Amino acid sequence: MKEFELGNINHLALVCKDVKNTIDFYTTTLGLSLIKIMEMPNGGKHFFFDIGNGGALAFFWFPNAPEAAPGIASMSPDAHLTGNIATAHASMNHVAFNVPLEKLEEYRENLIAQGVQVTPISRADFISSFYFFDPNGILLEFAANVRALGDPVLDLQHSLIQS
């Protein structure tokens, strides 16, 4: 028997530096719907975008938030050039959105046409994807599964779980 009955992610909460730019990017550039805005007691804001299947991408804006720490608490802006994708323990590395495999190249071209810098499409045995940053320096990924994960031979034969 499972201890917990978990479904999809309810929401992922991130921190932004500019409410207007963040809302504009996620509604205009990515086409997400803004579904909730809340005023916080400290003068901040908390707002949510619909990402489908009952899930939301949420943002906090805090008036006195510390500055970003790229390469420590978030991905370094030059990670796609250097290959160094490491971030600190308990940091958020990136957010990956599921997209249809047949739309991956179209979506990449659409972002380029809107002035968004994107990486080339990378392909692995289970996924094809590309990366780009939002205006807050948050690394985003459009990812399309090529096959389901969890195959005991293809996916779980690793020294990490053999010991």
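Leaving aside neighbours within four places in sequence, tyrosine 26 is in contact with Gly31, Leu32, Phe49, Leu57, Phe59, Asp134 and Leu140. The model is predicted. Tyr26 is one of the buried residues of α1, and Tyr26 is also among the residues with the most contacts inside the largest nonpolar core.

**The largest nonpolar core**
- This core has 26 residues, and Leu30, Phe59, Phe132, Leu140 and Phe142 join Tyr26 among those with the most contacts inside it.
- At least two core residues each come from α1 (19-29), β3 (45-52), β4 (55-61), β5 (95-98), α3 (104-113), β7 (127-133) and β8 (139-145).
- α1 supplies the largest share, 4 residues.

**Helix α1**
- Besides Tyr26, the buried residues of α1 are Val19, Thr22, Ile23, Phe25 and Thr29.
- The cover over these buried residues includes β2 (33-39), β3, β4, α3, β7 and β8.
- At the start of α1, the backbone nitrogen of lysine 20 has a side-chain oxygen of aspartate 18 within 3.1 Å.
- Glycine 31 follows α1 and has a positive phi, near 75 degrees.

**Aromatic pairs**
- The count of aromatic pairs comes to 12.
- One of them is formed by phenylalanine 97 and phenylalanine 142, an edge-to-face pair with 6.2 Å centre to centre and 80 degrees between the planes.
- This pair links distant parts of the chain, with phenylalanine 97 in strand β5 and phenylalanine 142 in strand β8, 45 residues apart.
- Both phenylalanine 97 and phenylalanine 142 are buried.
- Ring pairs also link Tyr26 into a cluster with Phe25, Phe47, Phe49 and Phe59.

Terms used: Residues numbered from 1 in each chain as written. Predicted model: local features only at pLDDT ≥ 70, side-chain atom pairs only at ≥ 80, totals over all residues. Heavy atoms only, no water. Core = buried A, V, L, I, M, F, W, Y, C linked by side-chain atoms within 4.5 Å. Buried < 20%, exposed > 50% of the residue type's maximum accessible area, 1.4 Å probe, protein only. Contact = heavy atoms within 4.5 Å. Polar contact = N/O pair within 3.5 Å; in protein donor to acceptor, adjacent residues only side chain to side chain. Phe/Tyr/Trp six-rings, centres within 6.5 Å; stacked < 30°, edge-to-face > 60°.
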